[in-house]
Amino acid sequence: MRPVAELNDYLAEVVGGRCDEALLLRALTHRSYSYENDGLPHNERLEFLGDAVLGIVVTDTLYRTHPELPEGRLAKLRAAVVNSRALAEVAEVIDLGSFVLLGKGEESTGGRAKASILADTTEAVIGCVYLSIGMGAAEAFVHHLLDPLMRRSAALGAALDWKTSLQEVASEAGLGSPVYRAVAEGPDHDKTFTAQVLVAGEVVGSGVGRSKKGAEQRAAETGWRTLTERAEQAALAGALPHAALAVAADAGAVEPV
């Protein structure tokens, strides 16, 4: 486990203030560690608080950023950001799992990479920032973590999920369903997964993550971008001959069709 002070230094850079270190330690304490250490306070109450803070910050941001969207679409955008998979992904980016206090059982079964533990810890840290420094700091931390995801989610299809969006694009192109391959490296408690996604037998995307699902989502994202760019290029290429004919017709070089 990395020192709590190191995480506090990082938070200070992001939000402009330091958390109460005892409270931050509690935010990083999983109940499995508590059970093995005489009922030491764990992070579930802070997780409850952080979930509420996260919800209001994300909802407010989406409401103000997308005045044209109806309630149903806003709800889907929020669900794409405020879920265990998304929170686990941002936790991986800041390597939050390396700070978590886990019981021996969870440690031995790869608890530091479990999406549920990473997501819950992220919410607990948000709650800690809120109590230690205030709502402004908590809001800054949420934006630091989730603004890139909110921007990406706004560009996705109706499902707001990379795997489903890739499925939609592949289906529209008549290419069949994507196929995923994933391999794991490292010991059970510290695995890294590398995934590839194939469409019509071709590798169109790849991704790396601390969980198989996370790696597949990243592979789906790169695959979605690959197929979308190809579709746009094909549409542009198809439009160019017609545009050239129109210009030539205007110049009197050919008869318009």
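Predicted model: local features only at pLDDT ≥ 70, side-chain atom pairs only at ≥ 80, totals over all residues.
Let me start with Arg-45, which has its place in helix α4, residues 44-65, where helices are DSSP runs of H or I with at least four residues, strands are runs of E with at least two, and both are numbered from the N terminus. Arg-45 is exposed, its relative accessible area being 72%; by the cut-offs used here, buried means under 20%, exposed means over 50%, and partly exposed is in between, with a 1.4 Å probe and protein chains only.

Residues are numbered from 1 along each chain as its sequence is written, and side-chain values use heavy atoms, with hydrogens and water left out.

Asn-43 is found in the loop between α3 (31-35) and α4, and Asn-43 is buried, at a relative accessible area of 3%. Its side chain reaches the backbone oxygen of Ala-27 at 3.0 Å, a polar contact being a pair of N or O atoms within 3.5 Å, where within protein one must be able to donate a hydrogen and the other to accept it, and where residues adjacent in sequence count only if both atoms are side-chain atoms. If we set aside neighbours within four places in sequence, the residues in contact with Asn-43 include Ala-27, His-30, Thr-121 and Ala-124, contact meaning heavy atoms within 4.5 Å.

Is Ser-211 buried or exposed? With a relative accessible area of 19%, Ser-211 is buried. The side chain of this serine reaches the backbone nitrogen of Gly-214 at 3.0 Å, and, again leaving aside neighbours within four places, Ser-211 is in contact with Glu-92, Ala-113 and Phe-193.

Turning to helix α10, residues 162-172, we find Trp-162, Ser-165, Leu-166, Val-169 and Ala-170 buried. Seen down the axis of α10, these buried residues fall within an arc of 135°, so they line one face of the helix; the arc is that of the directions from the helix axis to the C-beta atoms. After α10 comes Gly-174, whose phi is positive, near 70°. As for Lys-163, its charged end sits over the ring of Tyr-180, 4.5 Å from the ring centre, which is scored when NZ of Lys or CZ of Arg is within 6 Å of the centre and within 35 degrees of the ring normal.

Asp-95, with phi near 55°, is in the loop between α6 (84-93) and α7 (104-108) and is partly exposed at 29% relative accessible area. Ala-200 has a positive phi of about 55°, is placed in the loop between β2 (192-199) and β3, and counts as exposed at 58% relative accessibility.

Finally, the chain as a whole. There are 11 helices and three strands, and buried residues make up 40% of the 257 residues. Among contacts between residues at least 6 apart in sequence, 55% join residues at least 24 apart.
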